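Biologist: Could you walk me through this model, starting with any term I will need?

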Amino acid sequence: PSAVTVAATAPQCVAAEASHSSESQVEVNTLVELTDCNLNLEASQGRSQQANKQRFKQARAPPPAKQQAEACQSLNFRNPVTARYPNTDQLWHRVGELSLFDWSVSGNETCIVVRGRGFCIALDVGACPPQAVDADHVFISHGHVDHCGALHMHIRKRQLLRLPPAVYYMPECLINPMQSTLAAFVTMQGDSDYAEMVSNSRLVGLKVGDRVPISNDNNQPADAASLTLSVFATDHRVPSLGCILRRRHIVLLPECRRLRQDELRARVAQGLPVRGPEWEPLLGYTGDTRFNVFLTPQDPDLLRVRLLISELTFLSGSIERADSFGHCHVDQFAQHWRLFGAVNRLVFVHFSNKVLPEEILERVYSTLPQQLGRRVYCGLIAKRLLYS
């Protein structure tokens, strides 16, 4: 280009550069303003969340609710490793010699694991968390998928860990459907080791009033076992059973408890017994049921167990609606709280997935009288780790 052309276009280039620089500065200023606005919004949200947490901490509640809230806040529920493999002892709730792991969300999955001196039992197997794999005895209350749908997975996991086959107790009406289901999984799996594990696993059909030993000895009578499982009818939409776990103790006979040592020796010399078995009701489990099971209990020990695990699906709405779905309502426990005077610890499970854990704690402990509320524990592990 000629010098004249360059001279003519130079002012235009300078003006274009100045215009572009001005536009860039406007964009930078706008970006800075938006960033400041976002930072202020995040800070405001953080302060709001912190205020909500502070209000929750300060909420007045009976000791169990406060302990649960503090325990849940102390766990790192957002850690994916902890969420997938919740193996910390903080997830186990202790009641004397018993330890309880609750995994239950209404309609989704329920598997309660209880371990004690010499035993580990799973109550329902709608899911198979790692804690349930060690259970060599599994009780299934009824045939809904969220209570029995993971039985095949329990067998498979025990096979992979080279654990012996477990024993599965269930209502008689479930034996044939469960055997057919397992046969289908054996076909789909195509694994001879899994097929052998399934064939060696025992499915025991139970009816109301049955009492079976919790033992790996198939021929051991219930009276000779140290632990027995008794079943009673519950009131749900499908055939269902609850269970009571009892431990046998050898104690002085009632007629011998006031005798002196020399009198006891005299009875022994005469060949008369001075000791005999006494069965302690350790654990009661209802599965899904209406509240009628407590108003007219078939087994009086249900209201005398050390640890009672009950469903509590409905925290709002009417009692009639809860009954129509075959479940319990929190108002029923509040109205009949005196029924549970002999129960050491009452554990509620099977909460709805529509209610947040903090709301569950607030509704339960604000509804129940303190005489019962101080002995109540809400099973919220699954909801906090997976569904909240």
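Modeller: Contact here means heavy atoms within 4.5 Å. This is a predicted model, in which local features need pLDDT of at least 70 and side-chain atom pairs count only at pLDDT 80 or more, while totals for chains, interfaces and linings use all residues. Residues are numbered from 1 along each chain as its sequence is written, and side-chain values use heavy atoms, with hydrogens and water left out.

Biologist: OK, which residues is Ile 155 in contact with, leaving aside neighbours within four places in sequence?

Modeller: Ile 155 touches Tyr 168, Leu 182, Tyr 194, Met 197, Val 198 and Ser 201.

Biologist: And which members of the largest nonpolar core touch the most others?

Modeller: They are Ile 140, Leu 151, Ile 155 and Met 170, out of 34 residues. A nonpolar core is a set of buried Ala, Val, Leu, Ile, Met, Phe, Trp, Tyr and Cys residues joined through side-chain atoms within 4.5 Å, and buried means under 20% relative accessible area with a 1.4 Å probe, protein chains only. Another core, of 31 residues, lies apart from it and includes Trp 337 and Leu 368.

Biologist: Switching to the sheet, what is the strand order?

Modeller: The open, mixed sheet has seven strands, ordered S8-S9-S10-S11-S12-S13-S14, where strands are DSSP runs (E, at least two residues) numbered from the N terminus, and two of them pair if DSSP finds at least two bridges between them.

Biologist: Why is one side of S8 and of S14 left without a neighbour?

Modeller: Strands S8 (211–213) and S14 (376–378) stand at the edges, so each has a single partner strand.

Biologist: How many bridges join S8 to S9?

Modeller: Three bridges join these antiparallel strands, and Val 212 has Leu 229 in S9 as its bridge partner.

Technical notes:
Helices (H or I, at least four residues) and strands (E, at least two) are DSSP runs, numbered from the N terminus. Buried means under 20% relative accessible area, exposed over 50%, partly exposed in between (1.4 Å probe, protein chains only).
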